[in-house]
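Welcome! Let us walk through this structure together, one topic at a time.

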Amino acid sequence: MRLDKFICKSSELTRSEAKKLLKSGEVRVNGEVAKNPAMQVHENNDIDIDGQILTARRSRYFMLHKVADSICSNVDEGYPSVLNFIDVDKAFDLHIAGRLDADTTGLVLITDDGRWSHNVISPKKECQKVYRVWLRNPIPVEKSIALIDKFSQGIQLQGESSLTKPAILTLVTDTEVDNEVLLTITEGRYHQVKRMFAAVGNRVIGLHREQIGALKLADLASGEWRALTEQEINLFS
Ligand code: URA
């Protein structure tokens, strides 16, 4: 991690205070004065400020049940950032592992561990995200098999050169027509779920993320958050 980030993570200092300290030559890495805030350091390095050794705080991991009209961003822009809901010290130093649109609700993972969030987000890791989707046009039962098949082959999104990765479409309401479905995807392209249904002539009117990998939103109420357990953290380590 960057040296300035390490200093912030292991002290009460802000990023600009850390940079000032570095400039003044008061920080040493393995005994050598270090002035470059971008220098890459590791927890095993001895890093001290005026002889006082810094010990990195442990990374933090949370889950949140996102409400509509909040945004997955580190700044408030039109709507409040979801980080406002996480009532911990330095919440805005955290980042969101897989964004949801402002009008989408459901499971959001929040951390300051970049490697861990990469495991959640990277399409190469094939971590499944399960969405409950409400559609404007119900899917007639007689068309459902063909549509399930189409989603499993990958969908051509407008303006994109490659098909989406295979997705699992499951109809959940037991009626003649179906406008509530579950969709499982392993990527996070821009507005992906909405664009997948638009590509087959439908429109998403409600979207809720229920599950990421084996982690379910379960009984976490809307707007509530909690720290992940060690076992839950390890699901993506
Ligand atoms: N796909 C979307 O279209 N929106 C989201 O918020 C998440 C996935």
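In which loop is Asp50 found? Asp50 sits in the loop between β3 and β4. Helices (H or I, at least four residues) and strands (E, at least two) are DSSP runs, numbered from the N terminus. Before going on, please note that this is a predicted model, where local features need pLDDT of at least 70, side-chain atom pairs count only at pLDDT 80 or more, and totals for chains, interfaces and linings use all residues. Residues are numbered from 1 along each chain as its sequence is written, and side-chain values use heavy atoms, with hydrogens and water left out.

Back to Asp50: its phi is near 50 degrees, a positive value in a residue other than glycine. With 60% relative accessibility, Asp50 counts as exposed; here buried means under 20% relative accessible area, exposed over 50%, and partly exposed in between (1.4 Å probe, protein chains only). Lys90 also has a positive phi, of about 55 degrees, although it is not a glycine. Lys90 is found in the loop between β5 and β6 (95-96) and is partly exposed, with a relative accessible area of 21%.

Strands of a sheet pair through backbone hydrogen bonds, either parallel or antiparallel. Here, four strands form an open sheet in the order β2-β1-β3-β4, with antiparallel pairing. The edges are taken by β2 (32-33) and β4 (52-53), each with a single partner strand, so one side of each is left without a neighbour in the sheet. Two strands count as paired if DSSP finds at least two bridges between them. Strand β1 (residues 27-29) and strand β3 (residues 47-49) are joined by three bridges, and Val27 stands opposite Ile49 in β3.

Now to the aromatic rings. The structure holds four aromatic pairs; rings of Phe, Tyr and Trp (its six-membered ring) pair if their centres lie within 6.5 Å, and planes under 30 degrees apart count as stacked, over 60 as edge-to-face and the rest as tilted. One of the pairs is Tyr61 with Trp116, edge-to-face at 4.9 Å centre to centre and 65 degrees between the planes. Tyr61 lies in strand β5 (residues 61-66) and Trp116 in helix α3 (residues 114-121), so this pair ties together parts that are 55 residues apart in sequence. Both Tyr61 and Trp116 are buried. Phe62 and Trp225 have ring centres 5.6 Å apart and planes at 75 degrees, so they too are edge-to-face. Because Phe62 lies in strand β5 and Trp225 in strand β13 (residues 225-227), their pair ties together parts that are 163 residues apart in sequence. Phe62 is buried, with a relative accessible area of 6%, whereas Trp225, at 27%, counts as partly exposed. Ring pairs also link Tyr61, Trp116 and Phe236 into a cluster.

Finally, turn to the interior. A nonpolar core is a set of buried Ala, Val, Leu, Ile, Met, Phe, Trp, Tyr and Cys residues joined through side-chain atoms within 4.5 Å. The largest one has 30 residues, and those touching the most other members include Ile110, Phe151 and Met196. Strand β8 (129-140) gives the most to this core, with four residues. Domain 2 (61-124 + 215-234) and domain 3 (128-212) both give residues to this core, so it lies between them; the domain bounds come from an automatic or database domain assignment. A second, separate core of 15 residues includes Ala97, Leu107, Ile212 and Leu228.
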